[in-house]
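Keep the model open as you read.

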Amino acid sequence: MNLVFCQAGIRQDNTNYIHCARKQLKEIPNFTRITNTFYDELVLNDNQITEISSNAFQGLRVKRLNLSGNKIRSISSDAFLELSNYLEELTIEFDPESIHQIPDAIQINLINLRSLKLIDLNLTQLKNHTFSKFRKLESLSIIKSNVKSLQSDAFHSLTNLRYLNLDHNQLNDSSWISLTKYFPYLENLSLSQNQFHSLKHTNISTLKILDLSSNGLQYIDSNIFHSLEKLFLQNNELNSLQLTFLFALKHLTELNLDFNRLTFLPERIFQSNIHLKDLSLQGNDLNYLTNYSLFGLKNLMHLNLARNRLQFSSNSQPFQYVSSLKILNLDRNIQMNLTENIFRDLSSNLIELSLQNCNLTNINYSLNFLQNLQRLKLSSNYLKELPDNFLDSNSILSIDLQRNLFTSIPNLSLKNLIDFDLSSNQISVINEDELRNYPKLKTIGLTANPLICNCHLIWIQQWLRKNYDRDLVKFLQWTCAQPKHLAGKQLINIHEDDLNCDQNKKLIYTSTDVAITSMTYTPSTIETTVENLIINDVIFNPNGILAVSWTYLSRRLPKYYHLKIYDEKTSRLIFQSLITGQQNSIEIDLSSYLSNGPLSSIICLNIRQKKSCQNLILQMNTNMFQSASLVLSTNKPNNTDQFIYLLGGIFLGAILVCSILIIICYCRLCYHSKEPKTIEKSSKPFYYHPLNVISYPQQQSNNTSECSLHSSTDTTSHLPNDPYHIYQQIPSIHNNCQIYSTRTHVLV
């Protein structure tokens with residue numbers, strides 16, 4: 001016997017339940033009645049139950065039963081008998097190959113049902129008086145049941161029905177009379193995905209919601225359903241001339257006309273729909289909007305015009321009569337000529353504007369007049385930059401700039417921005433100053449950007465750990481593109497010590513255009529947090545070079561030092577560089593970072609999270625700079641002095657070279673004067689000429705005491721014309737000197 005553990009509990013609305021969904025059950029579990037508990041719901045959906053036998057629910061008292069996701073093939077006529085006095089709602093799914101009519105167990109035993117949902121019955125036709133015993137039924141759904149026709153009295157006696165759903169069947173225009181004959185209180189009718197082509201006058205005066213989506217509708221009578229509040233007509237065949245039925249719908253609050261064949265909106269077509277709040281016209285072929293296309297929609301709050309072919313002229317004002325609009329969607333209109341004037345009438349209430357995938361290459365106007373704008377979507381365009389005054393509103397909370405061509409974070413002053421998505425752009429370097437314009441930023445998207453992962457991104461790691469939820473940080477997909485050894489790795493997973501910089505490529509952050517000519521040191525007021533790291537000297541020369549030296553007292557040097565220079569007043573980062581642990585000084589070129597007056601700054605040397613800092617005052621027109629241990633003059637030497645220094649250097653260099661040459665010549669002479677003469681058997685003086693030396697191999701010498709270049713006893717017989725011969729004795733290095741004798745022929 002297999003034990004199945006089902007969960008029982010109480011929801012927040014105080015309804016109790018038994019949950020046995022997705023347990024791979026093949027039959028209804030045997031519930032043993034222990035107490036007199038009355039359950040609101042028994043959930044058995046998505047199992048493998050195919051049969052419901054007699055007494056299957058013995059011992060249970062339950063109000064709602066869900067058997068969807070099973071393929072019921074047979075039901076005993078006594079099934080549900082135990083639930084007849086309790087069950088009010090039943091959802092059940094069948095095997096369409098096995099059951100072709102509503103089972104007697106439902107029609108006879110469950111006459112107290114208020115809601116019945118039948119799925120995948122192969123009914124073909126609903127016959128007369130099928131629901132004659134369900135006088136309490138308020139909601140009826142017959143879905144995906146291959147219903148092709150309705151007999152005239154099929155719904156007889158369903159006088160209390162409020163909701164009827166016949167989606168995914170094959171009903172057509174001939175069914176309209178039967179559908180509307182016995183429903184004096186029907187409020188919600190759903191006929192999606194059937195085969196209706198026209199909608200004519202009906203008797204239902206209480207209907208509030210009608211869904212006729214995906215039918216192929218081509219015509220709607222102009223005098224239908226005056227009480228309608230919500231009408232869903234998406235995925236049909238309606239054209240612009242078939243919209244006159246809207247004049248009769250004076251209570252309409254929501255209208256969906258997505259994916260029809262509308263090419264224009266007749267002027268004043270919505271003049272009777274003054275209560276309309278949601279209008280969706282997505283996926284049509286609208287080419288333009290006149291100034292009166294939306295006339296009468298003074299309470300409209302949500303307008304969807306995505307996936308059309310809209311074009312606007314520079315002086316058009318299509319939204320002048322929808323000033324209450326809060327959400328405007330213009331996505332995928334790739335030929336729009338947007339101007340500031342188009343949105344001017346939405347300045348008071350618009351909170352969301354979507355211009356995604358609109359082929360935008362440049363925006364040269366401001367949207368500052370949109371006073372309450374909270375969300376702006378500009379993804380999937382070709383934008384490289386935004387004007388500095390593009391947005392300057394404290395109401396902006398979210399901006400989506402995914403899939404554009406930005407190379408840096410746009411410079412916008414948005415103090416309350418929370419979410420900034422820049423994924424799939426061309427951003428490689430992130431300047432810390434660029435995010436100072438967004439002090440409340442909580443999330444920033446940089447997925448699929450070619451990040452250069454070096455020391456200049458250490459701050460963003462620290463920012464993420466401080467601002468992001470710890471559980472979310474690990475899911476960030478910020479991938480490094482450079483350097484090569486970090487390519488493909490996630491930035492958040494790289495240790496700070498590995499985010500280093502090439503010392504020959506230091507990065508200078510520019511924030512002003514006035515040169516710094518000198519600076520004065522003032523004693524530090526910042527408490528040093530690293531006791532064994534001391535900044536010794538800070539020297540600045542008039543050429544704009546700042547030299548910093550330090551001492552690290554620990555025996556074990558760190559892998560890297562992280563040097564940062566800040567503007568003390570604005571906390572703005574001026575310079576940063578990652579330095580190897582073997583260095584104890586650095587020179588920084590600050591010639592491009594300039595200031596008009598005194599500038600108080602802070603220079604910090606970091607080791608991991610600890611740092612040693614000093615205050616510096618950068619001051620114009622100061623002749624002296626005093627560091628912690630040194631005073632330097634800032635008077636710049638003139639060109640004459642520099643020329644004299646150059647000549648002196650050349651003269652001293654020449655003297656040094658001559659001295660070295662004299663010493664070498666003297667040593668050579670001393671060496672040659674001590675060599676023994678080796679020329680014999682010639683008493684005549686001769687002149688030295690360059691020698692042409694020819695060597696001939698001889699027999700191996702047997703002399704064990706010395707090795708001679710000649711082994712022949714007759715030294716002149718072979719070369720009778722030679723003026724002389726040279727013989728040289730070579731001392732023996734080893735006991736047996738085995739050298740091939742060589743006869744040297746010297747020609748003078």
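## Salt bridges around E41

E41 pairs up with R11 in a salt bridge, with the closest N and O atoms 3.0 Å apart. (A salt bridge here is a side-chain nitrogen of Lys or Arg within 4 Å of a carboxyl oxygen of Asp or Glu.) The two partners come from distant parts of the chain, 30 residues apart: E41 is in strand 3 (residues 39-43), while R11 is in the loop between strand 1 (7-10) and strand 2 (16-19). Helices (H or I, at least four residues) and strands (E, at least two) are DSSP runs, numbered from the N terminus. This is a predicted model, where local features need pLDDT of at least 70 and side-chain atom pairs count only at pLDDT 80 or more, while totals for chains, interfaces and linings use all residues. Residues are numbered from 1 along each chain as its sequence is written, and side-chain values use heavy atoms, with hydrogens and water left out.

Buried or exposed: which is E41? E41 counts as buried because its relative accessibility is 14%; the cut-offs are under 20% relative accessible area for buried, over 50% for exposed and partly exposed in between (1.4 Å probe, protein chains only). R11, at 30%, is partly exposed. E41 also meets R64 in a salt bridge (3.7 Å, N to O). That pair again links distant parts of the chain, 23 residues apart, with R64 in strand 5 (residues 62-72). Both E41 and R64 are buried.

Elsewhere, R436 and E432 form a salt bridge at 3.7 Å, N to O. R436 is partly exposed at 36%, whereas E432 is buried at 18%. Back at E41, shared partners join R11, E41 and R64 into one network. The structure holds 15 salt bridges.

## Aromatic pairs

How many aromatic pairs are there? The count comes to eleven, taking rings of Phe, Tyr and Trp (its six-membered ring) with centres within 6.5 Å; planes under 30 degrees apart are stacked, over 60 edge-to-face, and the rest tilted. One of them is W176 with F196, a tilted pair at 4.8 Å centre to centre and 45 degrees between the planes. W176 lies in helix 2 (residues 176-179) and F196 in the loop between strand 13 (188-190) and strand 14 (198-199), so this pair ties together parts 20 residues apart in sequence. W176 is buried at 8%, and F196 is buried at 0%.

F295 and Y321 make an edge-to-face pair, because their ring centres are 5.0 Å apart and their planes sit at 80 degrees. F295 is partly exposed at 24%, and Y321 is partly exposed at 28%. R268 lies over the face of F295, 4.5 Å from the ring centre; for this, NZ of Lys or CZ of Arg must be within 6 Å of the ring centre and within 35 degrees of the ring normal. The charged end of R344 does likewise over the ring of F369, 4.1 Å from its centre.

## Two buried isoleucines

I99 sits in the loop between strand 7 (89-94) and helix 1 (104-109) and is buried at 9%. Leaving aside neighbours within four places in sequence, I99 contacts I72, R73, S74, F94, L121 and N122, where contact means heavy atoms within 4.5 Å.

I399, in strand 24 (residues 398-400), is buried at 2%. Not counting residues up to four places away in sequence, I399 touches residues including L376, L391, L412 and F420.
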